[in-house]
Amino acid sequence: MARRRAPTLAELYRARRLDMVRLALFLVDDLHTAEDVVQDAFAAVCRAYGTSLAGLQDPAAYLHTAVVNAARSVLRRRRTARAYAPPHQGAGPPVDEALLLAEEHRDVLAALAELTHRQREVLVLRYWSELTEAQIADTLGLSRGTVKSTASRALDALEKRLEATR
């Protein structure tokens, strides 16, 4: 059996960038920040492994983890900034939001935003990124049991919030 060659950074970028932006968007709720998070994750991969990604066993998994960790850092910085500044009444949603999200998904996204960060991360990784419980556990540094219970509680909470909006 021939060993498959690892993708280069450019190939990984072309194949995974949009998925990673979507993942980051679900976690940080801001397209520009999500794009920055993904760019930083790719830069970190390049700094650590070069453009050939030599020595990196699973580039896609490494990238997933880098994006999730970078999104967590953004959320921590936001939390700290909000503790020291009054809430900002920003502009409305981006003009192209209607193109990105169908009307039927807005209620789901609003309910998803009300979950805890861990619950949101687990559900996004499970149902959007289609990772297994083991992969989610590795990505988030949790046990499989914690992933299972968090997903179960998150789905229950999501269902209750969606029923309340109907």
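Accessible areas come from the Shrake-Rupley method with a 1.4 Å probe, and for residues only the protein chains shown count as cover. The model is predicted: local features need pLDDT of at least 70, side-chain atom pairs count only at pLDDT 80 or more, and totals for chains, interfaces and linings use all residues. Side-chain values use heavy atoms, without hydrogens and water, and residues are numbered from 1 along each chain as its sequence is written.

**View 1. The protein chain as a whole.** The accessible surface of the protein chain is about 11,000 Å², and carbon and sulfur atoms hold 52% of that surface. The chain has eight helices and zero strands, in the order α-α-α-α-α-α-α-α. Helices (H or I, at least four residues) and strands (E, at least two) are DSSP runs, numbered from the N terminus. Of the 166 residues, 31% count as buried (under 20% relative accessible area, with exposed over 50% and partly exposed in between; 1.4 Å probe, protein chains only). Among contacts (heavy atoms within 4.5 Å) between residues at least 6 apart in sequence, 67% join residues at least 24 apart.

**View 2. The crossing of helices α3 and α6.** Helix α3 covers residues 59–84, and its axis comes within 12 Å of the axis of α6, with a crossing angle of roughly 155 degrees. Axes are lines fitted to C-alpha atoms, for helices over the stretch in contact, and angles run from 0 to 180 degrees between N-to-C directions. The two helices are therefore roughly antiparallel (angles over 145 degrees; under 35 is roughly parallel, 65 to 115 roughly perpendicular and the rest oblique). On the α3 side the contact is made by H64, V68, R72, L75 and R79, and on the α6 side by H117, E121 and L125. By class, this contact has three nonpolar, two polar and three charged residues. Nonpolar covers Ala, Val, Leu, Ile, Met, Phe, Trp, Tyr, Cys and Pro; charged covers Asp, Glu, Lys and Arg; the others, Gly among them, are polar.

View 3. R120 is found in α6, residues 117–128. Its relative accessible area is 7%, so R120 is buried. Apart from neighbours within four places in sequence, R120 is in contact with F26, L27, D29, L112, A113 and L115.

View 4. T33 lies in α2, which spans residues 31–49. T33 counts as buried because its relative accessibility is 18%. With neighbours within four places in sequence left aside, T33 is in contact with V28, V74 and R78.
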